Structures are given as structure tokens and as C-alpha cells.
Amino acid sequence: MCTQTKAAALMANIPLADIDPSGVFKYVLIRVHSKETDDDAEVDIVRGYGWAEYHADIYDKVSEELERSGDLDCECIGGGRIKHDAQAKKIHVYGYSMGFGRANHAVSTEKLKARYPDYEVTWDNEGY
């Protein structure tokens, strides 16, 4: 019989990507994992919002919400910027975070493509 841990069940309900509906804004790539011993379940998620002055602002808010249950732990594995043009159905991921370093934009774009399947999603390592 296969049993799912509480943390794995919680992670299964976390959206892989959540970004502002349009604009240019900072984003972070966060690795969410279980705090349970012998549970190596993890998931990478993308979060990007225009309200954030710093990448850490996004990470702090999201990690606080996800860690509240006591079953999950978060780690920021990088950041950058997103240009989201909803009208043209295009998302471009680029740049880096001064505090967290450059996210793996290839991973981030895969999460965004899953969330926005009818969009053209691109990335490069140029820019700040």
C-alpha cells in the first residue's frame, strides 16, 4: 500500500506558478520540501509580483505562508525578472537577484509554460 505523507499532500496542492497578470516584476524560484525525516518530497515553484521592492519580499511572504503548517520548509534557489505581456500572450524570464543569485530560468519557464500553455514563454540570462 502506498501512503502519501502530509507534506507531499500539501505540496500537491501548491500552484507551480503564480505571477502578476501583467507587467515587469521581480520573481523568485522557491524549493519547497518536507520537514519530515525520510521524506525527500520536494517541488519548485515560481512566484513573481510587482508589489515587491526586493526579491526577498516575495520569498519572505510566500515562505511564511507555506511554512505555517509546520510540515514544509522553503529555500529560495534564485531569482530574476519577468516581463508578462498578457495581451500578446508572452512571458519573458531574465536577469538575476542580487541577494539570491540567478534562478535556473529554464526550470522557471517550464513551470510558467505549464501554467500558461497558450503563451510563448522565453528566457535568457541577460539583464538585471
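Colleague: Let's start with Ser97: buried or exposed?

Modeller: Buried: Ser97 has 2% relative accessibility. Keep in mind that this is a predicted model.

Colleague: And where is Ser97 found?

Modeller: Ser97 is in the loop between β5 and α3.

Colleague: Which backbone nitrogens lie by a polar atom of its side chain?

Modeller: The backbone nitrogen of Gly99 is 3.2 Å from a polar atom of the Ser97 side chain. For the backbone nitrogen of Phe100, the distance to a polar atom of that side chain is 2.9 Å.

Colleague: What does Ser97 touch, not counting residues up to four places away in sequence?

Modeller: His55, Gly79, Gly80 and Arg102.

Colleague: Let's move to His55, then. What does UniProt list it for?

Modeller: UniProt lists His55 under "active site", in an unreviewed entry. In the model, His55 is in helix α2, which covers residues 55-67.

Colleague: Buried or exposed?

Modeller: His55 counts as buried because its relative accessible area is 5%, and the cut-off for buried is under 20%.

Colleague: Which residues is His55 in contact with, leaving aside neighbours within four places in sequence?

Modeller: Lys26, Tyr27, Val28, Gly79, Gly80, Tyr96, Ser97 and Phe100.

Colleague: New topic: rings. How many aromatic pairs are there?

Modeller: The count is three aromatic pairs. One of them joins Tyr49 and Trp51, which are stacked with 5.6 Å from centre to centre and 10 degrees between the planes. Tyr49 is buried, with a relative accessible area of 11%, whereas Trp51 is partly exposed at 46%.

Colleague: How about Tyr59 and Phe100: why is that pair edge-to-face?

Modeller: Their planes are at 65 degrees, so the pair is edge-to-face, and the ring centres are 5.7 Å apart. The pair links distant parts of the chain: Tyr59 is in helix α2 and Phe100 in the loop between β5 (90-94) and α3 (105-115), 41 residues apart. Tyr59 is buried at 14% relative accessibility, and Phe100 is partly exposed at 29%.

Colleague: What sits over the ring of Tyr116?

Modeller: The charged end of Arg115, 4.7 Å from the ring centre.

Colleague: Now helix α3. Which residues are buried there?

Modeller: In α3, His105, Ser108, Thr109, Lys111 and Leu112 are buried. Seen down the helix axis, the buried residues of α3 fall within an arc of 160 degrees, so they line one face.

Colleague: What happens at the start of α3?

Modeller: A side-chain oxygen of Asn104 reaches to within 3.1 Å of the backbone nitrogen of Ala106.

Colleague: Over to the loops. Where is Gly50, and what is it in contact with beyond four places in sequence?

Modeller: Gly50 is in the loop between β3 and α2. Leaving aside neighbours within four places in sequence, Gly50 is in contact with Asp20 and Phe25. Gly50 is partly exposed at 46% relative accessibility.

Colleague: How far apart are Gly50 and Ile82?

Modeller: They are 32 residues apart in sequence and 9.7 Å apart in space, C-alpha to C-alpha.

Colleague: Last one: what is phi of Lys89?

Modeller: It is near 55 degrees, a positive value in a residue other than glycine. In general, most residues other than glycine have a negative phi. Lys89 lies in the loop between β4 and β5 and is partly exposed, with 37% relative accessibility.

How values were computed:
Residues are numbered from 1 along each chain as its sequence is written. This is a predicted model: local features need pLDDT of at least 70, side-chain atom pairs count only at pLDDT 80 or more; totals for chains, interfaces and linings use all residues. Side-chain values use heavy atoms; hydrogens and water are left out. UniProt positions are given in the numbering used here, feature names are shortened, and annotations may be inferred rather than shown by experiment. Helices (H or I, at least four residues) and strands (E, at least two) are DSSP runs, numbered from the N terminus. Buried means under 20% relative accessible area, exposed over 50%, partly exposed in between (1.4 Å probe, protein chains only). Contact means heavy atoms within 4.5 Å. Rings of Phe, Tyr and Trp (its six-membered ring) pair if their centres lie within 6.5 Å; planes under 30 degrees apart count as stacked, over 60 as edge-to-face and the rest as tilted. A charge sits over a ring if NZ of Lys or CZ of Arg is within 6 Å of the ring centre and within 35 degrees of the ring normal. A polar contact is a pair of N or O atoms within 3.5 Å; within protein, one must be able to donate a hydrogen and the other to accept it, and residues adjacent in sequence count only if both atoms are side-chain atoms. The arc is that of the directions from the helix axis to the C-beta atoms.
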